[in-house]
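The entries below follow the order in which I went through it.

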Amino acid sequence: MTAIEMTAAAGATETRRPISGAAVGLDAALGWAATRALAEAIRGGTFERLAAGRADPTELAAAVGLPVDRLLAQLAALGAQGLVQLEEDGRVQLADHAGEVARAAAMVLGGDVPAAPPRLSWPILDPTLGAWAAAALAPAGRWLVLGGDAGFVRSFGDGLDLSHLAEDAAEFGAALAGENWPAGLDGVLILRGLGRSAKTAISAVIEAAEEALCPGGCFACLDLVLDDDYAGPRHAGLWAFAQADLGGEAPPLTLNFLGLRLAELCFAPPIAAEAPDGVHRLIWSRRD
């Protein structure tokens, strides 16, 4: 039975959740990153060099003419696809089936390396996600919402004393940098802003939340689903490649970093739940 036949057989016996348009769009963006990483490794000589044996990443970067950071991002993306593996001594080597994959991919890729999109368009927030987030967080009192659109905010904040700064508001950048937050908040929700920002911005909003939130107040963000452990369909390695290629246009992996920063300040360990659309993840923590 072929892989396609096995997939079809499995689909006949399992009830699958419909895939949203947003999920398809996100998978397409990260699928581009995987294809680009594979094409770069084939044409740039990474596969050819590793076919000769294990290699030190720094030496491999020099051999293929890439900056070390770029080569590490490429290796991370290839590792997320199961094509290379890291040894205990820090060297990398090809997986057993990588050569066959590379030969087949080279035939399919043909001429040009797929071009990077000029900008990744993040999924639009469905208003029903606002009601879902409200059910998870049970917001009450005075809240600040940074980012997102009016439809989401209305479904999340019905009956709340809520301030909302949209991403196109003049004050949004300053607020995301931790400036001019109101005091005495019961909660803050960051929508999509963290998904476009560097770790410095994540640190800034956590520090601002510590100052602005009342004891027991809630810090929350709705992030894109990106697996930190390489275990799911949207791999950290693909993010690493996109980050190297797109810089600030690529979303950071926030869950692990958020946990570290929250633990350093006055917050409980974060809780996370995947949203119904399969694209977003809600992360929240309470201020001690």
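**Entry 1. Overall.** I noted at the start that the model is predicted. I looked up the secondary structure and found 12 helices and 8 strands. The protein has 288 residues, of which 46% are buried. I then checked contacts between residues at least 6 apart in sequence, and 68% of these join residues at least 24 apart.

**Entry 2. H4 and H5.** How do helix H4 (residues 57-64) and helix H5 (residues 68-80) cross? Their axes come within 9 Å and cross at roughly 105 degrees. Angles of 65 to 115 degrees count as roughly perpendicular, so H4 is roughly perpendicular to H5. On the H4 side I listed Pro57, Thr58, Leu60, Ala61 and Val64 as making the contact, and on the H5 side Val68, Leu71, Leu72 and Leu75. I sorted these residues by class and got 8 nonpolar, 1 polar and no charged.

I also looked at the loop between H4 and H5, where Gly65 lies. Is Gly65 buried or exposed? Gly65 counts as exposed because its relative accessibility is 60%. Its C-alpha atom is 9.9 Å from that of Thr46, which is 19 residues away along the chain.

**Entry 3. Ala39.** I placed Ala39 in helix H2 (residues 21-44). Ala39 has a relative accessible area of 0% and is therefore buried.

Leaving out residues up to four places away in sequence, Phe219 touches residues including Val188, Ile190, Val205, Ile206, Ala209, Leu258 and Trp284.

**Entry 4. Arg261.** I found Arg261 in helix H12 (residues 254-264). Why does Arg261 count as buried? The reason is its relative accessibility of 11%, since buried means under 20%. The Arg261 side chain makes a polar contact of 2.8 Å with the side chain of Glu207. Leaving out residues up to four places away in sequence, Arg261 touches Ser203, Ile206 and Glu207.

**Entry 5. Positive phi.** I picked out two residues other than glycine with positive phi. Ala138 has phi near 45 degrees and is found in the loop between helix H7 (127-137) and E3. With a relative accessible area of 58%, Ala138 is exposed. Asn180 has phi near 60 degrees and sits in the loop between H9 and E5. Asn180 is exposed too, because its relative accessible area is 72% and exposed means over 50%.

Technical notes. Residues are numbered from 1 along each chain as its sequence is written. This is a predicted model: local features need pLDDT of at least 70, side-chain atom pairs count only at pLDDT 80 or more; totals for chains, interfaces and linings use all residues. Side-chain values use heavy atoms; hydrogens and water are left out. Helices (H or I, at least four residues) and strands (E, at least two) are DSSP runs, numbered from the N terminus. Buried means under 20% relative accessible area, exposed over 50%, partly exposed in between (1.4 Å probe, protein chains only). A polar contact is a pair of N or O atoms within 3.5 Å; within protein, one must be able to donate a hydrogen and the other to accept it, and residues adjacent in sequence count only if both atoms are side-chain atoms. Contact means heavy atoms within 4.5 Å. Axes are lines fitted to C-alpha atoms, for helices over the stretch in contact, and angles run from 0 to 180 degrees between N-to-C directions. Angles under 35 degrees count as roughly parallel, over 145 as roughly antiparallel, 65 to 115 as roughly perpendicular and the rest as oblique. Ala, Val, Leu, Ile, Met, Phe, Trp, Tyr, Cys and Pro count as nonpolar, Asp, Glu, Lys and Arg as charged, and the others, Gly among them, as polar.
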